[in-house]
Amino acid sequence: FWQGLRACVSEHSCQATWQLMPCPYVQVPKADIEGQDSRRRTIASRPLNVDTYDAVLFALAKLVGESDPDSKGYGAVLFLTLTFNFVCVILQAGIIFMLYEFTIERREDHWEKGGSLPNDTKALLNAIATDTPLNSQIFNRTLNLCARDHNIPYSQSVMTTLWGARIFPSFWQGLMFTFIVAFRMPNASFGQANTENDEEGNLRVIRLPIKAKLIILLLVQIPRVALMVYLYFMGAKFLMLAPSLGVLILKSIGLAFISQITDVLAQGFFSNFLQVAIQRTVFAFDDHGGSQASHWNLWGSAVLKVTLVMTVSIYYCRVVYGNLQNMRAACTAYERHFVMPECSPTCGSHFMGFTFYS
């Protein structure tokens, strides 16, 4: 650099035009500038899904897009998508609330009435240790609880983890869009283009006005994240109190349907044109030098998601409802010790020397 600068200053022709044009010896090729800029700043993108949440983002982006020639017709689309989104939030929260009040609480009362689960567990384990069956008149409640419950050990933990995996994508999408819109996407000034079309015809949202960001955060993404957390814990409690493996699986299917209400309404009522337009929209943002093939994108995010879901599920099943799970484990051990020998060999099914009975 300095050799080129000295050589440039020594040239009379360059000195004469010093104030008019940059010296040819110190010019950096445009390709090098772009290469250095690309190393410092990498534009990443996050696509939208066909659901009521992302439909609001699409309609809002089209409405505020200064360079979009057909943006004037999207005021009605924004009103429509906001209405659908509000209905979905009310339906999901309302259905889970009714399940909690009229089903979950009734099932939980079944375990809470007339005694203490730790005392029941202790009585069952003492009976096994002393090889003495419990007196049916004294421990009638304890024996009835065991007789009515037909769960397989660790089945609740497995199904709760799967339920968390079903809820997590929507939760993660809301969390990421909250972060992108709030911190990574630049604010649009007056007259700036907010959207652009790439080579493939996809709509790229590159910036948003502050008012549009506030609408996205307050009316869409923050309620979405809060609702997903609410759905997860209420659904996990619903699964935890299932009396048998068959009921547990059927309840899981019902919960999966409730979590898909946003997809069902959007794909059922939105036009094909609107659905395709949503799918072809991405939010572009600066990831501050990140790479699409970085360790985070290749495997780091997957490890974090699995760790979070499994940690929360195990904590919920084994700590929050630890007394219930201990009681169920004691019931299983009691039945294997006292009940199965009395009805063998007709109890349960037999395979390779193992007896499966619940």
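## Briefing on a predicted helical and stranded protein chain

Leu-124 touches Leu-134, Thr-142, Cys-146, Met-327, Ala-330, Cys-331 and Tyr-334, leaving out residues up to four places away in sequence. The model that shows these contacts is predicted. Its protein chain holds 14 helices and 6 strands, and 39% of its 358 residues count as buried.

**The chain as a whole**

- Among contacts between residues at least 6 apart in sequence, 75% join residues that are at least 24 apart.
- The protein chain exposes about 20300 Å², and carbon and sulfur atoms supply 64% of that area.

**The largest nonpolar core**

- The largest nonpolar core has 79 residues, of which Phe-58, Leu-124, Trp-163, Leu-208, Leu-231, Phe-283 and Met-327 touch the most other members.
- Helix α9 gives the most to this core, with 14 residues.
- Two of the residues named for this core, Leu-124 and Met-327, are in contact with each other.

- Helix α9 covers residues 210-240, and Met-240 lies in it.
- Met-240 counts as buried because its relative accessibility is 0%, whereas the cut-off for burial is under 20%.
- Beyond its neighbours within four places in sequence, Met-240 is in contact with Gln-156, Thr-160, Cys-317, Tyr-321, Leu-324, Gln-325 and Arg-328.
- Ser-157 is 83 residues from Met-240 along the chain, yet the C-alpha atoms of the two are separated by 8.3 Å.

- Ile-210, Leu-214, Ile-215, Leu-218, Leu-219 and Ile-222 form a nonpolar patch on the surface.
- Together, the residues of this patch have about 550 Å² of accessible area.
- Leu-219, one of the patch residues, is found in helix α9.
- Leu-219 has a relative accessibility of 48%, so it counts as partly exposed; this class lies between the limits of 20% and 50%.

**Helix α11: a buried face**

- Helix α11 covers residues 261-269, and Ile-261, Thr-262, Leu-265 and Ala-266 are buried in it.
- Seen down the axis of α11, these buried residues fall within an arc of 125°, so they line one face of the helix.
- An α-helix has 3.6 residues a turn, so residues three or four places apart point the same way.
- The cover over the buried residues of α11 includes α4 (52-64), α5 (75-112), α10 (245-259) and α12 (272-279).

How values were computed: Residues numbered from 1 in each chain as written. Predicted model: local features only at pLDDT ≥ 70, side-chain atom pairs only at ≥ 80, totals over all residues. Heavy atoms only, no water. Helix = DSSP H or I, 4+ residues; strand = E, 2+ residues; numbered from the N terminus. Buried < 20%, exposed > 50% of the residue type's maximum accessible area, 1.4 Å probe, protein only. Contact = heavy atoms within 4.5 Å. Areas by Shrake-Rupley, 256 points an atom, 1.4 Å probe, with all protein chains shown as cover. Arc of directions from axis to C-beta. Patch = residues over 30% accessible without salt bridge, like charges linked within 9 Å, V, L, I, M, F, W, Y side chains within 5 Å. Salt bridge = Lys/Arg side-chain N within 4 Å of Asp/Glu carboxyl O. Core = buried A, V, L, I, M, F, W, Y, C linked by side-chain atoms within 4.5 Å.
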